[in-house]
Amino acid sequence: MKTFLGMALLALVLMTATNMHAQTLKDKYDKNHPLKVSCENEAYPFEGIDDDGTPVGFNIELIGSALNEIGVNYTFVMKEKITASDDFEANETNLLLTPVVERIPGVFYGKFEVVSYRVVLVQRKGARNINSLKELRKGDVVVARKGGYSAEKALRSGILTPEQIKYKSHTDAIEELVNKEVDYIIAGGKVIEYYIKKYGIEDQVDIKPIDVPAGKMLFVSRDKQLILALDNICNSMEQNGALHLPTHPRIYGNEEDTAPPPVGALPLLSVLVAV
């Protein structure tokens, strides 16, 4: 009984806090000044675009559901990772949901960890076997996305030097690996696993954990009220089971279905959308 009452009280507190922020945010992000969300166009199952150019992925669904709950107007700005990050740093967009490498002064970070972002090594079968990036020899390079968490964390942690990284998109990296132009790729685990399965090269590569620390995927914005409101909504979603259940097969578990679902396709999330 005490546990139930405690959860009910927490839900009430979260709802009250969210409502307090909502009206201010509605006034700030209206139809003429929508909130701009920076997202990647090639990072499924988190973020991406389908063949019609429609934003898809878990982050898209979660952000859309949360912002609909708040009641603000918003738009997704889909670009390559480095450009999306640059737009945010130039204050041209208002929100990111991203694994954080280092915190930027003047920027607010959510306390709610949406997911842990693990980094893996993709090794071409037939290449020299390594189990740590420290085992790379002179002249060896790894392929990674420019501005992506994997490369940036490896550089800032001193695990890799700039000379050891070759920047390519996921698609181009896989093509070069298949053509035996490169032997190693570092990337987010769920992301690169999706593209490897998409292009049907599971039998040509080995995927293994690597010595790049996992990151925490957090909401990031210069708008403190927005961050507080999003954290409150995610906490509420977690309390009623609407956050982690839909992420289980695509983020935490095995991906049985790799087809990108449309925004709002998950019934557990759609019940949270304000109508």
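## Ground rules

Because the model is predicted, local features need pLDDT of at least 70 and side-chain atom pairs count only at pLDDT 80 or more, while totals for chains, interfaces and linings use all residues. Residues are numbered from 1 along each chain as its sequence is written, and side-chain values use heavy atoms, with hydrogens and water left out.

## Helix α3 and its covered face

Let's start with α3, which runs over residues 81-89. Helices here are DSSP runs of H or I with at least four residues, strands are runs of E with at least two, and both are numbered from the N terminus. The buried residues of α3 are Lys81, Ala84, Ser85, Asp87 and Phe88; buried means under 20% relative accessible area, exposed over 50%, and partly exposed in between (1.4 Å probe, protein chains only). Looking down the helix axis, these residues fall within an arc of 160°, so they line one face of α3. That arc is taken from the directions from the helix axis to the C-beta atoms.

What sits over those buried residues? The cover includes β1 (35-40), β5 (74-79), β6 (96-99) and β14 (215-221), with contact meaning heavy atoms within 4.5 Å. Just past the helix, Asn91 has a positive phi of about 65°.

## A three-stranded sheet

Next up is an open, antiparallel sheet with its three strands in the order β2-β3-β4. Two strands pair if DSSP finds at least two bridges between them. At the edges are β2 (42-43) and β4 (55-56), each pairing on one side only. Between β2 and β3 (residues 47-49) there are two bridges, and Glu42 stands opposite Gly48 in β3.

## Salt bridges

The structure has 12 salt bridges, each defined as a side-chain nitrogen of Lys or Arg within 4 Å of a carboxyl oxygen of Asp or Glu. One of them joins Arg118 and Glu193, at 2.7 Å from N to O. Those two are 75 residues apart: Arg118 is in the loop between β8 (115-117) and β9 (119-124), and Glu193 is in helix α6 (residues 189-198). Arg118 counts as partly exposed because its relative accessibility is 37%, and Glu193 is partly exposed too, at 21%.

Lys166 and Glu176 make another salt bridge, at 2.9 Å from N to O. Lys166 lies in strand β11 (residues 165-167) and Glu176 in helix α5 (residues 170-178), so the pair ties together parts 10 residues apart in sequence. Finally, salt bridges with shared partners join Glu40, Lys81 and Arg145 into one network.
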